[in-house]
Amino acid sequence: MYHNDQWAQQVVSWEYSSAATPDLHEVPIQPFPASLYEQGETRVIALDLSAELETPYLATAPNLLANYIRICAGEQITTSVTATSEVYFVLRGSGRTETADGVITWQQGDAFTLPCNSGVTHYADDESALYWSHDAPLLQYMGVAPVRPMFSPAFYSKAYMCSEVEKLREIAIRENRNRVGIILGNNACTKTKTMTHTMWSLFNLLPAGAVQKPHRHQSVALDLAVFSGPDTYTLIGKKVDPEGNIIHPVKAMWATGSVFVTPPGWWHSHHNESDQDAYVFPVQDAGLHTYMRTLDIQFIR
Ligand SMILES: [Fe+2]
């Protein structure tokens with residue numbers, strides 16, 4: 001009548017010291033070129049690393065899935081996902097998005113966020129593309145669905161982001177700061193200072209000729225190169241030497257409108273050897289890490 005024997009069949013255990021760090025596959029450093037969304041029909045293109053991560057659901061990182069959305073001129077596409085947070089950045093074109101919370105218009109360089117989306121439709125005036133990231137893999141891992149929105153949607157215009165960064169340019173360069181950027185926020189997430197309660201983004205200027213020294217954090221970064229000239233790149237590696245240089249780095253080139261993955265915990269530095277300013281828009285699960293007190297961001301001074 002009792003089920004002790006049946007439940008006991010589920011039990012397994014491991015010797016502590018050999019099992020304390022299970023052998024999970026690492027998040028790969030992976031580029032996703034703009035050519036993925038430059039041609040063809042209106043569609044969503046998942047930046048999928050589920051095979052590398054061994055997840056049964058689409059994922060770019062354990063907690064996040066990034067996608068490109070291509071929308072041909074005059075066409076539309078509906079996106080719906082079981083997620084608590086979505087971050088969109090307009091890669092090209094112009095159009096509008098109709099949501100339960102109202103309609104917004106957008107053009108290249110704008111960004112917006114949505115909570116708890118049960119279906120929105122994007123309409124393109126011109127040939128358009130969106131960079132779309134969300135935390136559906138985290139919810140898939142937990143086997144849950146959101147029951148309420150945790151923030152109100154927000155719209156970040158290109159003009160707003162560029163003007164805020166321009167205000168910082170002079171002082172940041174003069175003081176040799178590690179970043180010339182703004183962390184994007186939402187009134188519902190002022191404690192964590194993040195874009196949503198789980199997700200984080202930065203609009204970061206890498207001036208012509210600049211180097212932004214190495215740093216690392218436990219959040220993953222799905223880095224969108226918003227605009228870049230030639231010879232602009234990120235060096236990524238597991239360790240730094242005593243002088244603060246990344247040991248045996250992998251070089252991820254910045255190419256306008258393309259994305260690359262910076263794995264959690266890896267050191268990374270940004271380098272612009274061109275004569276053109278460059279901008280990056282990293283999307284991270286740093287809202288979650290900040291809340292958990294596990295972000296552990298460290299900088300080489
Ligand atoms: Fe970073």
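Proline 31 stands opposite phenylalanine 260 in E18. This is a predicted model: local features need pLDDT of at least 70, side-chain atom pairs count only at pLDDT 80 or more, and totals for chains, interfaces and linings use all residues. Residues are numbered from 1 along each chain as its sequence is written, and side-chain values use heavy atoms, leaving out hydrogens and water.

Strand E1 (residues 31-32) pairs with E18 over two bridges, in the antiparallel sense. Two strands pair if DSSP finds at least two bridges between them. Strands (E, at least two residues) and helices (H or I, at least four) are DSSP runs, numbered from the N terminus. E15 also pairs with E18, antiparallel, over five bridges. There, leucine 222 has valine 261 of E18 as its bridge partner.

Strand E18 (residues 258-262) is mostly covered, with five of its five residues buried. Buried means under 20% relative accessible area, exposed over 50%, and partly exposed in between (1.4 Å probe, protein chains only). Both faces are covered. Ser258, Phe260 and Thr262 lie on one side, Val259 and Val261 on the other.

## The iron site

Three histidines supply the protein donors of the iron ion: His215 (NE2), His217 (NE2) and His268 (NE2). They lie 2.1 to 2.2 Å from the iron ion. Donors are N, O and S atoms within 2.8 Å of the metal (3.2 Å for Na, K and Ca); water is not among the atoms, so sites may look incomplete.

Along the chain, the donor spacing is H-x1-H-x50-H. Histidine 217 lies in the loop between strand E14 (211-216) and strand E15 (221-227), and histidine 268 in strand E19 (residues 267-272), so the pair ties together parts that are 51 residues apart in sequence. Histidine 217 and histidine 268 are both buried.

## A six-stranded open sheet

An open sheet has six strands in the order E2-E3-E10-E5-E8-E11. Pairing is antiparallel. Strand E2 (43-46) and strand E11 (154-156) are the edge strands, each pairing on one side only.

Within this sheet, six bridges join strand E5 (residues 85-92) to strand E10 (residues 128-134). Tyrosine 88 has tryptophan 132 in E10 as its bridge partner.

## An exposed tyrosine

Tyrosine 141 sits in helix H4 (residues 136-142). Tyrosine 141 is exposed, with a relative accessible area of 65%.
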